[in-house]
Amino acid sequence: MSFSTLSEIKTAIIQDPQNQSFTTRHIEPLFAAPPTARINIVGQAPGLKAEQTRLYWNDKSGDRLREWLGVDRDTFYHSERFAVIPMDFYYPGKGKSGDLPPRKGFAEKWHPQILAHLTNIELTILIGQYAQKYYLPQNALNVTETVKNYRQFLPHFFPLVHPSPRNQLWLQKNPWFEQEVIPQLQQCVKRILSR
């Protein structure tokens, strides 16, 4: 099934029986797909704070992500240059060591429909293992090695670790990430946004 507008896609997501428990609680899918977007950010799923405030990446992880990208909140939310299409558009709930994973099959069902309308995307930023496994299916590396070898996925994809405060220890153990990878990410973003 294909849809002629992004509005139709959003309505279909809301009406999908798979999402009924959210829809009955008046929780709408959290994603952003402006047709003028040049950069697509694919993360895991909205967190609890994002769901409560109805705004994606609206937490400490989002603050760090914007810092990594080298953009302010206004540019991130209002420039219409960023799409945010996570692997699931709804908060999946709490697990033993963080949020539960995104639901299986969700991205397969909705990402192609939405991306068909986003013809200006130049770079897709893949945050964490779920996004990387879906968009880089031939890649057998773990997240650390995938991020370390980010150049092999350019110019279309840029893999990152999750900017969650939970990853502080990982960042301390892998100083190359903030020393080498983040400056390259910021250069890519700046170049794309300046066009």
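Colleague: Are Tyr56 and Tyr77 buried or exposed?

Modeller: Buried means under 20% relative accessible area, exposed over 50%, and partly exposed in between, with a 1.4 Å probe and protein chains only. Tyr56 and Tyr77 are both buried. This is a predicted model, in which local features need pLDDT of at least 70 and side-chain atom pairs count only at pLDDT 80 or more, while totals for chains, interfaces and linings use all residues. Residues are numbered from 1 along each chain as its sequence is written, and side-chain values use heavy atoms, leaving out hydrogens and water.

Colleague: How many aromatic pairs are found in the whole structure?

Modeller: Rings of Phe, Tyr and Trp (its six-membered ring) pair if their centres lie within 6.5 Å; planes under 30 degrees apart count as stacked, over 60 as edge-to-face and the rest as tilted. The search finds 16 such pairs. The ring centres of Tyr56 and Tyr77 are 5.4 Å apart with planes at 50°, so this pair is tilted. Tyr56 lies in the loop between helix H3 (48–53) and H4, and Tyr77 in helix H5, 21 residues apart. For Trp176 and Phe177, centres 6.3 Å apart and planes at 85° make the pair edge-to-face. Both Trp176 and Phe177 are buried.

Colleague: Which residues have the most contacts inside the largest nonpolar core?

Modeller: In soluble globular proteins, nonpolar side chains tend to be buried together. A nonpolar core is a set of buried Ala, Val, Leu, Ile, Met, Phe, Trp, Tyr and Cys residues joined through side-chain atoms within 4.5 Å. Here the largest core has 31 residues, and Ile41, Leu69, Phe76, Ile125, Leu160 and Phe177 have the most contacts inside it. Helix H10 gives the most to this core, with eight residues. Helices (H or I, at least four residues) and strands (E, at least two) are DSSP runs, numbered from the N terminus.

Colleague: What does Tyr130 touch, not counting residues up to four places away in sequence?

Modeller: Contact means heavy atoms within 4.5 Å. On that basis, leaving out residues up to four places away in sequence, Tyr130 touches Gln44, Met87, Pro101 and Pro102. Tyr130 is placed in helix H7 (residues 129–135). With 28% relative accessibility, Tyr130 counts as partly exposed. Its C-alpha atom is separated by 7.9 Å from that of Pro102, 28 residues apart along the chain.
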